[in-house]
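User: Can you walk me through how this one packs? I'd like to go through the helix contacts and then the core.

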Amino acid sequence: MSFAKEELLAVAIARLIGDARHVAVGAASPIPATGAFLLKQKNPLLRISLLQKRTGNPFTEGSRELFDLAGQGRVDVFFLGGAQIDGEANINLVEAEGRRFPGSFGSAYMYFAAKQTILFREEHSARVLVPKVEFISAPGWSAPEVERRGGPAALLTGKALFFWQKEERRFRLESVHPGANAEDVRANTGFDYDAPAAVPPTPPPSAAELALLRGPVAKVIAENYPEFARRVWGALAELRPA
């Protein structure tokens with residue numbers, strides 16, 4: 001069964017979200033959004049807040065209301081990426097290799113307040129996955145005396161899935177995607193991590209999941225991320241819900 005890499009990543013995200021009740025997806029995050037809407041097909045009660053568009057969320061005051069919800073413990077899953085991510089799950093959204101980026105915005109707050117954060121970066125290279133970030137926009141862990149509801153749950157990249165080990169404060173390689181292997185992942189990761197003796201492959205999308213992705217999910221994503229939908233699903237991107 002053939003599938004696009006984006007479909008595999010979306011399915012992996014849906015499985016990571018699990019039984020969450022409220023998922024918030026930031027700007028420029030079409031793959032996390034696709035995974036969330038795939039899960040919503042199976043769980044219609046799942047609440048999804050798309051922060052990039054007014055029509056994608058009920059907030060009238062933008063991110064301030066999202067921060068209020070997170071502070072009340074009402075955001076179960078959030079997604080963060082970074083120009084750099086290190087082995088302690090710190091992220092850098094400010095500057096790397098002399099290049100400036102838009103900044104951290106509310107990443108540090110959401111990293112603490114959302115119940116779980118899935119780190120996502122499609123590029124998997126030693127340039128992105130570094131031994132130590134140049135600037136900590138949001139820390140991956142905190143000292144025991146620091147009050148913190150949430151933190152990292154997993155790191156998903158274009159090559160592999162890592163789970164976060166809170167007590168050890170390091171990642172563990174969970175699976176590798178088609179086209180990659182454990183040696184390839186190790187060679188392209190700048191930080192050290194744990195791994196089993198035999199690393200399993202990431203489970204592929206099922207026929208039922210692909211049908212949902214290419215049907216109702218593609219329609220929703222085409223409304224919110226039209227260029228992404230056209231690239232992944234071609235003519236399906238032109239479909240609109242009835």
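User: What is the handedness of the crossing of α2 and α6?

Analyst: The crossing of α2 and α6 is right-handed. Keep in mind that this is a predicted model.

User: Which residues of α2 and α6 make the contact?

Analyst: On the α2 side, A33, T34, F37, L38, Q41 and K42. On the α6 side, E209, L212, L213, P216, V217, V220 and I221.

User: How many of those are nonpolar, polar or charged?

Analyst: By class, the contact of α2 with α6 has 9 nonpolar residues, 2 polar and 2 charged.

User: And at what angle do the axes of α2 and α6 cross?

Analyst: Roughly 110°, with the axes coming within 9 Å. Helix α2 covers residues 30-42 and helix α6 covers residues 207-224. Angles of 65 to 115 degrees count as roughly perpendicular, so α2 and α6 are roughly perpendicular to each other.

User: What about α1 and α6, how do their axes cross?

Analyst: Their axes cross at roughly 110° and come within 11 Å. That makes α1 roughly perpendicular to α6.

User: Which residues meet there?

Analyst: From α1, E7, A10, V11 and R15; from α6, E209, L210, L213 and R214. By class, this contact of α1 with α6 has 4 nonpolar and 4 charged residues, and no polar ones.

User: Staying with α1, is E6 buried or exposed?

Analyst: E6, which is found in helix α1, has a relative accessible area of 12%. Buried means under 20%, so E6 is buried.

User: What is E6 in contact with, leaving aside neighbours within four places in sequence?

Analyst: With those left aside, E6 is in contact with I31, E122, F228, R231 and V232.

User: On to the core. How many residues does the largest nonpolar core have?

Analyst: The largest nonpolar core has 38 residues. I17, V23, F79, L213, I221 and W233 are those with the most contacts inside it.

User: Which helix gives the most to this core?

Analyst: Helix α1, residues 5-17, with 8 residues.

User: And V23, what is in contact with that one?

Analyst: Apart from its neighbours within four places in sequence, V23 is in contact with I17, A36, L46, R47, I48, S49, V77 and F79. Of these, I17 and F79 are also on the list of residues with the most contacts inside the core.

User: What does the second core include?

Analyst: The second core is separate and has 28 residues, among them V75, L80, L119 and A160.

Note on methods:
Residues numbered from 1 in each chain as written. Predicted model: local features only at pLDDT ≥ 70, side-chain atom pairs only at ≥ 80, totals over all residues. Heavy atoms only, no water. Core = buried A, V, L, I, M, F, W, Y, C linked by side-chain atoms within 4.5 Å. Buried < 20%, exposed > 50% of the residue type's maximum accessible area, 1.4 Å probe, protein only. Helix = DSSP H or I, 4+ residues; strand = E, 2+ residues; numbered from the N terminus. Contact = heavy atoms within 4.5 Å. Axes fitted to C-alpha atoms, helices over the stretch in contact; angles between N-to-C directions. Parallel < 35°, antiparallel > 145°, perpendicular 65-115°, else oblique. Left-handed = near helix turned anticlockwise from the far one by under 90°. Nonpolar A, V, L, I, M, F, W, Y, C, P; charged D, E, K, R; others polar.
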